Every structure is written in structure tokens, then in C-alpha cells.
Amino acid sequence: MDKRANGAPSSNGTAGPRTDLISADPSERVAADPIYEGNVDTDKTVAVCGAGGFIGGHLVADLLRQGYDTVRAVDIKPPNQWFQKFDQADNWSLDLREKENCYQALEGADQVYNLAADMGGMGFIENNKALCMLSVRINTHLLMAARDMDIGRYFYSSSACVYNQELQSTADVEPLSEEDAYPALAEDGYGWEKLFSERMCRHFREDFGVTTRVARYHNVYGPFGTYDGGREKAPAALTRKAIEAKMSGSGDIVIWGDGTQTRSFMYVDDCVDGTQRIMHSDITEPINLGSDELVTINGLVDVIEKAVEVDLGREYDRTKPQGVDGRNSDNTKILQELGWEPPTALRDGMEVTAEWIEEQIRRHAEEETTSRFAVPH
């Protein structure tokens, strides 16, 4: 049986998103079939740094589904504030900006996924450049620990924010290939930290023999992520606004920018799959991991309207951060290397995401809570 058969119908001819992975019961999510189907040696200890975050939680779940001996989940937040927490994992709360904590986190580990960073959507990274830059301490100290502890493989999650901003000055943007990161003119703050950390991975591989893999994530979205509080990204923020407009009866939302900016958005299951494909590959240079389905922000709102079943009035706030005018992923290299690219269509992924966000918002309203940690997640 197709393990995605329980998902929403696909709009692009591929299997749609899986609904068994968004069960309210964490044990049911872990009991599902894995997303990644590669041949792996599960007699290993795998450390996931940033496990309390959006992507990290989904990755921990999939590693547990595969049956690894130990999945060590590490995050700066206390476990009761993680987006997903699994009792089957070895859950640690450590500040990985501190060197000694990185050595503690990696002790006895065979593989490391470094997804840890102080980051958020455009509103956060535009106004917190120094905090974003300080994440360089995490990757630097983890790499030093990986070198000294003979870690077998080390994955670093980079970002499309490393790309030269001069190549992203029009909405009708050419897809960004891996070579377009140089000459360097990255997103100020967050993008420069990611680019520097990519170089650190390269030089630790070349100078010390650490087997490093680097993926440049393009705008990941999906269930079990933040949708309010200031760190949310465009798909979740706009979905929340649409749901609130529907529930209140106002029917109006505010869009940052003029709505003509273009982006591509990758569903989180595809990110988890691609991350592990890259980790276990022979790809030594940074590689794009993203959808190449380009859409305007207005087009994203169109998709959200259908998913939420609401007609919205749109106001545009051009004083808010909106990032580059256009960004899309060139998937030529990942298709050549892996014969694969993220398959989930935006419409399909947003249907599942919107349903999950609306469920959370309605539960908060019914239980008169404001924190997402006040209800099971």
C-alpha cells in the first residue's frame, strides 16, 4: 500500500501529504511508516541539534520511525516548550552556544544533524541580525566536537538566504543555482552567518576529515510549526490571519509588502526526506533543498483562501520587512545527484497545514488559552 494513500489528493500527479504524521498523539506519529526509505544502519546514535524546533521535531520523529538505537534530541528550550517531543527519544535541554554543551551533546554520537539556530521569519531576522549572527557559535563548537569525537557524519542546515541579493531584485527571478552564492552578498545577519558556517563545514572536511553535508533550505512550512508570536514565516502567518479573519467575520488581512514578491515553499515532509537523502549521499558541496514552484505572495494568499474556505479583503503594509523581491530554487543539481526533488505541490501542503493551524487556534479559543503549550501538541 502507498504509505501516502491516507493523505490529501495530489494536484500535481504525485502522492499527497500524509495525514498519519500529524496525529495529535505523538506515539501514533512515531508508529507510522518512515518518510525516508533509504538503506541505513540503525545500530547508531544520532544527535539532532535544534530538535525542539519545527523541522527538528519532524526529523526526530522520522529517525525514531526508522528504529535507530538512540535518537538524542537537543534544544535550548525546556522539552515542554518543544514543537514536538517524543518519549522514545533521549531529550536534552542544552544551550549549544556554549562549547562544553556541544561536547556533551555529541558524546557517543555517530551522526549529527545541526538544525539549531536563533531564527524566524522575515520580521524576526530583519530586526535581530546580531542574534542571528551569534548562531555561528553553535555550528563552530559542534564542528569542533565532531572533529574531536570522530563523528561519522555531520549535517548542517543552511539557507537560501546565503544567495547574492542582487540576483533577487525582481519578482520574475531566475531560479538560484548553487554557484549563485558567490560573489557573496548574502541576507544581512542571518544569511551571512549561514554562509560563513557553510565555509566552516567545508574547511573542517578538508582540513580535519569531518564528513560534512550541507543543504540550503528554501522556505519550509507545515504542521507543528510556529504560526504566531513573531517568529512565524509567511505561509503560517498568512494562514493564521486568514483563519482569524474567518472566525471574527472581518474578512480582512494585512499583507507585508505589495504582494508581488515571489517565493517557493517546501512542505516539511519533503524537507525531512531530502535532508536524510543528502546526509547519506556523496554530495560534498552545499546543495539546494527546496521546491521550484514559484508563487507570488498574492498567489500564496489565493491558495490559503481555498484551504481555509474564506474570501479575504487584502490590505498591504509596505513599511514591514518583505525581504528580496524574488527567490526560487534551481533543482538541477539535486535532480542530477539524487534523481529526486521535493514533490509536494503548494496547494496540497497548505491544505494540511491550514487544517492543523485552524485546529490549534480553535482549541485555544475554546479553552481560553493563549500559549500553544497550554494544549497538547
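## Charge over a ring

A charge sits over a ring if NZ of Lys or CZ of Arg is within 6 Å of the ring centre and within 35 degrees of the ring normal. In this predicted model, local features need pLDDT of at least 70, side-chain atom pairs count only at pLDDT 80 or more, and totals for chains, interfaces and linings use all residues. Residues are numbered from 1 along each chain as its sequence is written, and side-chain values use heavy atoms, with hydrogens and water left out.

The charged end of Arg147 lies over the ring of Phe208, 4.9 Å from its centre. Arg147 also forms a salt bridge (a side-chain nitrogen of Lys or Arg within 4 Å of a carboxyl oxygen of Asp or Glu) with Asp148, with 2.8 Å between the closest N and O atoms.

## Other salt bridges

The count of salt bridges is 22. One of them joins Arg231 to Asp118, with the closest N and O atoms 2.8 Å apart. This pair links distant parts of the chain, 113 residues apart. Asp118 is buried (under 20% relative accessible area; exposed is over 50%, partly exposed in between; 1.4 Å probe, protein chains only) at 19%, while Arg231 is partly exposed at 35%.

## Aromatic pairs

Rings of Phe, Tyr and Trp (its six-membered ring) pair if their centres lie within 6.5 Å; planes under 30 degrees apart are stacked, over 60 edge-to-face, the rest tilted. The count is 6 aromatic pairs. Tyr113 and Phe155 form a tilted pair, 5.8 Å centre to centre with 45 degrees between the planes. Both residues are buried, and ring pairs link Tyr113, Phe155 and Tyr217 into a cluster.

Technical notes
Helices (H or I, at least four residues) and strands (E, at least two) are DSSP runs, numbered from the N terminus.
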